[in-house]
Amino acid sequence: MITFIRKLVAIILSALSICFSPIFGDFTADTTVQKDNCKLNFAAISDIHMTEETARRDMLRFGLEDMQSFSDELDALLLAGDLTDHGEESEWEMLKEAFSGYTPAKNLIIAQGNHDTWTEDDKYDLARTYFIKYNKDISGREIENEYYSTEINGYTFIVLASETDRTSAYISDAQLSWLSAEMAKAAEKDLPIFVVCHWPINQTHGLPETWGEDDMEPDDGGIGDQSAKVEEILKSYENVFMITGHIHSGFSNDSQKNTNGYVSVESDGSFHSVNLPSYMYLTIRGRIANGTGFTFEVYENEVILRARSFSAGVWYTDYNWTIELV
Ligand SMILES: [Fe+2]
């Protein structure tokens, strides 16, 4: 009964947020960074789910145009998986077309999601081939594996991937070993480390309840079998930001935790888990808006997360976080 009431309240509040979003959203704040000496400024979105529908292409373009117009040019745009709806080549082509003519940021970082592992033939190897090919076509980045790392303004970004075509992830022992080595190397810089993984750690951000309605297994909606191993590796280091998508929940802040059943940003003071809303789909949970994501402003002693609908050009200041670095 409590679960039912909580869901009902969440639905009502979400509906209200649609009606009053122009009031609660901040259309007026500009797109300059919040403070001087910003060392890294990037946007992160997830779950574009591109199909052949031009409406989806245009929804993405609204956001790209917004990012491109930022007063302080973004150092990067990070895409946290499910770029396509079924991993089909025609959908990758539409995604490429959407980016054509736009420069939303100096760099693009593209991560794979479970929907990108499917394809018209249900062949993972083909999905992997598409991911590597279109990563180069869209971002200009040449990668050998579906998981890779890169460096922007001296900060390390580690991008994880699944190596099979199921809904949860499969992260091989080889990838786990690679992750351990990459984390050790990144930690030598004594800077925050950004890890992009479409799937959250199991049982975070309200999982498994936030993944569906009925018959949820405890680890549903998360990485799955290798979740504990990934978590152990990441939590061995300080100032780690794990950026995920997959759940399709809207923004939810600390004061809404009891109502919505989750918070978008979970932190133990050193490991910070950031779950991005779905860019393309609305949700019954949390703040309803599409075209949403966070910007990350990285300073010497803190990281500021700002929630925005990039498609509407609106900041949602109720969902901003300032995270002190240790
Ligand atoms: Fe998705």
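1. The loop between β6 and α7 is the place of P208; helices (H or I, at least four residues) and strands (E, at least two) are DSSP runs, numbered from the N terminus. The peptide bond from L207 to P208 is cis, and its omega is near 5°. The model is a predicted one, in which local features need pLDDT of at least 70 and side-chain atom pairs count only at pLDDT 80 or more, while totals for chains, interfaces and linings use all residues. Residues are numbered from 1 along each chain as its sequence is written.

2. The loop between β6 and α7 also holds Q203. Q203 is a residue other than glycine, yet its phi is positive, near 60°. Q203 counts as partly exposed because it has 15 C-beta neighbours inside 10 Å. For burial, a residue is buried if 20 or more other C-beta atoms lie within 10 Å of its own, exposed if 12 or fewer, and partly exposed in between, with C-beta atoms placed from the backbone.

3. H205 lies in the loop between β6 and α7 as well. H205 is not a glycine, but its phi is positive at about 50°. With 24 C-beta neighbours inside 10 Å, H205 is classed as buried.

4. In α7, the buried residues are S227, V230 and L234. They fall within an arc of 70° when seen down the axis of α7, and therefore line one face of the helix; the arc is that of the directions from the helix axis to the C-beta atoms. A228 and E232 are exposed on the other side of α7. The packing partners of the buried residues of α7 are β6, β7 (240-244) and β9 (271-275), where two residues are in contact if their C-beta atoms, placed from the backbone, lie within 7 Å.

5. For helix α6 (residues 173-187), the 15 residues should span 21 Å at 1.5 Å a residue, and the end C-alpha atoms are 21 Å apart, which agrees. The expected span of a helix is 1.5 Å times one less than its number of residues. Q175, L179, E182 and A186 are the buried residues of α6. They cover an arc of only 70° around the axis, which puts them on the same side of α6. The face of α6 turned away from this buried side carries D173, A174, S177, A181 and A184, which are exposed. Among the elements that cover the buried residues of α6 are β4 (148-152), β5 (155-159), β6 (193-196) and α7 (227-234).

6. Helix α5 (residues 124-139) has 16 residues; from its first C-alpha to its last it reaches 22 Å, close to the 22 Å expected at 1.5 Å a residue. Its buried residues are A127, R128, Y130, F131, Y134 and N135. Seen down the axis of α5, these residues fall within an arc of 160°, so they line one face of the helix. They pack against α4 and β3 (107-111). G140 follows α5 and has a positive phi, near 80°.

7. Helix α3 (residues 54-68) packs with helix α4 (residues 89-99) at an angle of about 35°, and their axes are 9 Å apart. Axes are lines fitted to C-alpha atoms, for helices over the stretch in contact, and angles run from 0 to 180 degrees between N-to-C directions. The crossing of α3 past α4 is right-handed, a crossing being right-handed if the near helix is turned clockwise from the far one by less than a right angle, and left-handed if anticlockwise. R57, L60, R61 and L64 of α3 make the contact with M94, E97, A98 and F99 of α4. The residues of this contact divide into five nonpolar, no polar and three charged. Ala, Val, Leu, Ile, Met, Phe, Trp, Tyr, Cys and Pro count as nonpolar, Asp, Glu, Lys and Arg as charged, and the others, Gly among them, as polar.

8. T259 belongs to helix α8 (residues 257-260). T259 counts as partly exposed, with 17 C-beta neighbours inside 10 Å. T259 and R285 are 26 residues apart in sequence, and their C-alpha atoms are 9.6 Å apart in space.

9. E324 is placed in strand β13 (residues 321-324). E324 is exposed, with 10 other C-beta atoms within 10 Å. Not counting residues up to four places away in sequence, E324 touches N301 and E302. E324 and Y148 are 176 residues apart in sequence and 27 Å apart in space, C-alpha to C-alpha.
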